[in-house]
Amino acid sequence: MTQKISEERAEALLEAIVARSPYRRGLQPHLVDITRIALANAQLRTALCAIAARSRVATTGVVTKRELGAEGATLHAFLEHVFFASPGFLSTVGEWPIKGAPDGL
Amino acid sequence: MACEATACDVVIVGTGAGGGILAHQLAKAGLKVVSLEQGDQLPEDYFQTTGRPVPAVDFGVGPSTVWPSDPHDSLFVHPLFADGSIGATPRPEGGFRHFQVLKVNGLQNLWNGVSVRFAAHDFADWPFGYETLADDYAAVERLITVCGTKEGIAELPDGEFVPPKPLRPADTMVVQAVKSLKEPFSHAIPNRKAIITTPGSANSCISTGICTSGCPVGAVYKFSARLLPEIAGLDSYELRPNAKVTRVLREPGAQQVSGVEYLDTTTGARHRLQAKVVVLAAGAIETPRILFNSADEADPNGLANRSDQVGQRLQDNPKSVLSTSLWRLWRHRRTYDIGYGDLLILMSRGRLPNGEEFPFIGHAIHGLPDVPHYLAGMSAFPPFMKVQLAKAMFHSYVTLGLFCAGEARPENRVRPGSTVDRDGVPQVAVDFTTPETARQQMDEMLRWGRKILRKASATQIYATTDNTGTGIHYAGTTAISDDPSMGVVDADLRCHGLDNLYVCDGGVIPTLPDKHLTLSIMALSHRLGRHLTERVRAEDMIAA
């Protein structure tokens, strides 16, 4: 069954998770895209739902390691992926824009 | 054709490697041809926008991307691959992984483009030899444009080539490593791919560094990008998408088939299309499915299956994949054209524990890790070190993908299944176990690959082997043979015992050599095109 989480709640949660990330400076400009992509991905959506069920981010504005639980590793891997695939990082190795993609044509 | 025909000279089921070439040839010859494709046609900009896992599109993250992931599995999570609810097989967990793309062009939407000829000895089990197909190979190479170089290697016959893209530093290091072995049977030569490498056309290669994610400009051959535009406007040709063929039609026991029944997947309505000739070019697993589902009172085990040969001896190339970072390329910025990623063909021989030798072929791939699969190998490092390492190593990654021959074993087979797809069409099941010899061959290819990479300054090597369908070179299930008790089709690709039913896909290849089969399917298709043109014209003359 497809698990549901509202976009607003997902964005608040991801904002708090990004704030914990060592890559946060490179990730924060992409928060809107990160939320959209995470909600469209089956594994990430499931992980977000699980974290949301035990998180008090709406009242505290932060998410704890305990609240992240086992799903925290999945979200961390996703955010790390986004950082190393971001225009900011790829520019540092001389590989942005990408050929054949919308921004690279 | 102005409106949907109810009858035609030739109906071709499938628009992939076999179906595309055949449709082009027959329609150009003036025959009335209908291509039926069970999927629809992708939007022209699909591989520029949503269809390619590149950072510019959602950072390369799709709906089915998973973490952690095996970097060598990244090619197999593309959303175009049909899942078990709609494909020919239910794809049970842990079973044979059947990859199928239900769109116009079929698997060629994601084709890597490798186009090599079989050698003379690869035709040992065929009713004809290499020379019979040589002119068709050449005709297809001209038609689809193959880049490469003439090398004079007997095991890999030369073809008609346009120039390849220039080798990169990583390629040169691999070439030197292979040369240093001083083995006369080991080669590293420019790859042969169906790519327009010459600049100046709308379909010219733009050097994305990878072809298997779909080419955004149609530089890699596929029917819709190259040949379909030449015939789409002809009165004699019609492409009918969303048409899933459910069975071949005939009067029970008759030696003539009369056409096909198909399902319009957009409306659920069933239709019949009459044809003088039916050609199944749906792939080595989908075609047996159609034949099984065409069973009638006279042939309860399926059409063209009186000798129980349909589905038998399914093969796919066992493969070994090795990835590493070459330390001699660390901190190098890119000043070269990345090209199409895999610019080298590698060939060599391995030796089994019993002393028997076997050939294998493969590629050296040097692409851009813009989608960061390398992170799986950096898990032990803290984030700040990952950033430094990723920058230093970015242009140093090389992957070797090596393939050996399949083994024709009767127990590895496609058979009628017990499931139906979401359209209610019965699926097939696949019985497949990796032969012990294949395991030994994969280990031996790994040993050779490690040797090459170490000579080229490898660091840590990540290696995997697989023979569960991820070669995506399916063959053997409707084998060509003059003997009806040993195969399904004759030398003309006509089903034994049926006068006007043909098969033209990987299934007809009786024993899968180490070499990629796609160009051979296309050459067979071209040869079949000549045969059918002559046949239909002769029958029309008699009728007149």
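Colleague: Where in chain B is the place of Arg91(B)?

Modeller: Arg91(B) sits in the loop between β2 and α2 of chain B, where helices (H or I, at least four residues) and strands (E, at least two) are DSSP runs numbered from the N terminus. This is a predicted model, in which local features need pLDDT of at least 70, side-chain atom pairs count only at pLDDT 80 or more, and totals for chains, interfaces and linings use all residues. Residues are numbered from 1 along each chain as its sequence is written, while chains are lettered from A and ligands numbered from 1 in the order in which they are written.

Colleague: Which loop holds Arg331(B), and is Arg331(B) buried or exposed?

Modeller: Arg331(B) is in the loop between β10 (319-325) and β11 (344-351) of chain B. Its phi is also positive, about 65°, although Arg331(B) is not a glycine. Arg331(B) counts as exposed because it has 11 C-beta neighbours inside 10 Å.

Colleague: At what angle do α1 and α9 of chain B pack?

Modeller: Axes are lines fitted to C-alpha atoms, for helices over the stretch in contact, and angles run from 0 to 180 degrees between N-to-C directions. Helix α1 (residues 17-28) of chain B meets helix α9 (residues 518-543) of chain B at about 30°, with the axes 8 Å apart. The two helices are therefore roughly parallel to each other (under 35 degrees; over 145 is roughly antiparallel, 65 to 115 roughly perpendicular and the rest oblique). Residues are in contact if their C-beta atoms, placed from the backbone, lie within 7 Å. Among those making this contact are Ile21(B) and Leu22(B) of α1(B) and Ile521(B) and Met522(B) of α9(B). The contact residues divide into eight nonpolar, seven polar and no charged. Nonpolar covers Ala, Val, Leu, Ile, Met, Phe, Trp, Tyr, Cys and Pro; charged covers Asp, Glu, Lys and Arg; the others, Gly among them, are polar.

Colleague: How many residues does each chain bring to the contact of chain B with chain A?

Modeller: Chain B gives 33 residues and chain A gives 30 residues. On the chain B side these divide into 20 nonpolar, seven polar and six charged.

Colleague: How many helices and strands are there in chain A and in chain B?

Modeller: Chain A has eight helices and zero strands, and its C-alpha trace spans about 40 × 30 × 20 Å along its principal axes. Of its 105 residues, 37% count as buried. Chain B has nine helices and 17 strands. Its C-alpha atoms fill a box of roughly 75 × 50 × 45 Å along the principal axes, and 56% of its 544 residues count as buried. Among contacts in chain B between residues at least 6 apart in sequence, 72% join residues at least 24 apart; the figure for chain A is 62%.

Notes. Two residues are in contact if their C-beta atoms, placed from the backbone, lie within 7 Å. A residue is buried if 20 or more other C-beta atoms lie within 10 Å of its own, exposed if 12 or fewer, and partly exposed in between; C-beta atoms are placed from the backbone.
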